[in-house]
Each structure stands twice: as C-alpha cells, then as structure tokens.
Amino acid sequence: MNSVGEGCTDLKREYDQCFNRWFAEKFLKEDRSGDPCTEMFKKYQHCVQKAIKEKNIPIDGVEFMGPNKEKPDS
C-alpha cells in the first residue's frame with residue numbers, strides 16, 4: 001500500500017520492513033530491548049504530516065498513535 005504522499009512511499013516501505021523484522025525476530029521472541037525503527041518511523045511520520053498539510057487534508061480532531069504515545073482507553 002502506498003503512502004498518502006508519493007514521496008513518503010519509500011519511507012513507508014522501509015519502516016514496514018524494519019518493523020516486521022523487529023516484530024518477528026525480537027518482539028515475538030520476548031526480546032523487549034527496544035524498537036530499532038523509532039527514528040525511521042519519525043522520518044516517515046514527518047513526511048506524512050507534510051503531505052497532509054500540502055494536500056489540505058482536514059485532520060482536526062484526529063489523534064495519532066506513535067512511539068511513546070499511550071493508546072486511549074476505549
């Protein structure tokens with residue numbers, strides 16, 4: 001799946017690969033020593049936020065998840 005911004009698609013793929021590798025090779029094996037993909041995620045997130053702004057996509061009231069963010073109670 002492509003990203004909202006064409007320029008972000010490669011960053012998304014790189015992050016997805018990093019996350020999937022970390023999830024399979026570390027997290028599922030109970031190695032909770034950290035997420036090596038955090039910086040890559042931040043770069044991708046910044047790119048997406050820029051693309052959303054450039055395309056004037058309304059995001060008022062939308063909350064985003066990310067590193068160091070708690071999932072809201074349902």
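**View A. Asn56 is placed in the segment after helix α2.** The model shown here, as in every view of this set, is predicted. Asn56 is a residue other than glycine, yet its phi is positive, near 55°. Asn56 counts as exposed because its relative accessibility is 65%, and the cut-off for exposed residues is over 50%.

**View B. Glu30 is found in the loop that lies between α1 and α2.** Although Glu30 is not a glycine, the residue has a positive phi, with a value of about 65°. With a relative accessible area of 66%, Glu30 is exposed.

**View C. Helices α1 and α2 cross at roughly 150°.** Two packed helices are described by the angle between their axes together with the distance between those axes. Helix α1 covers residues 9–25 and helix α2 covers residues 38–54, and their axes come within 9 Å. The crossing angle makes α1 roughly antiparallel to α2, because angles over 145 degrees fall in that class. The crossing of the two helices is left-handed. On the α1 side, the contact is made by Leu11, Lys12, Glu14, Tyr15 and Cys18. On the α2 side, Met40, Phe41, Lys43, Tyr44 and Cys47 take part in the contact. Sorted by class, the contact of α1 with α2 has seven nonpolar residues, three charged residues and no polar residues.

**View D. Ser3 is a buried residue in the segment before α1.** Its relative accessible area is 11%; Ser3 therefore falls within the buried class, whose limit is under 20%. When neighbours within four places in sequence are left aside, Ser3 is in contact with Cys8, Thr9, Lys12, Tyr44 and Val48. Two of these partners also belong to the contact between the helices: Lys12 of α1 and Tyr44 of α2.

**View E. Lys42 has its place in helix α2.** Lys42 is partly exposed, and its relative accessible area is 39%. Along the chain, Lys42 and Tyr15 are 27 residues apart, while their C-alpha atoms are separated by 9.6 Å. Tyr15 is one of the α1 residues that make the contact with α2.

**View F. Phe23 belongs to helix α1.** The relative accessible area of Phe23 is 32%, and the residue is partly exposed. Phe23 and Asp35 are twelve residues apart in sequence, and the C-alpha to C-alpha distance between them is 8.8 Å.

**View G. The whole chain contains two helices and zero strands.** This view sets the preceding close-ups in context. The chain has 74 residues, of which buried residues make up 22%. Of the contacts with a separation of 6 or more, 57% are accounted for by residues 24 or more positions apart. The accessible surface of the chain comes to about 6,300 Å², and 50% of this area belongs to carbon and sulfur atoms.

Methods:
Residues numbered from 1 in each chain as written. Predicted model: local features only at pLDDT ≥ 70, side-chain atom pairs only at ≥ 80, totals over all residues. Heavy atoms only, no water. Axes fitted to C-alpha atoms, helices over the stretch in contact; angles between N-to-C directions. Helix = DSSP H or I, 4+ residues; strand = E, 2+ residues; numbered from the N terminus. Parallel < 35°, antiparallel > 145°, perpendicular 65-115°, else oblique. Left-handed = near helix turned anticlockwise from the far one by under 90°. Contact = heavy atoms within 4.5 Å. Nonpolar A, V, L, I, M, F, W, Y, C, P; charged D, E, K, R; others polar. Buried < 20%, exposed > 50% of the residue type's maximum accessible area, 1.4 Å probe, protein only. Areas by Shrake-Rupley, 256 points an atom, 1.4 Å probe, with all protein chains shown as cover.
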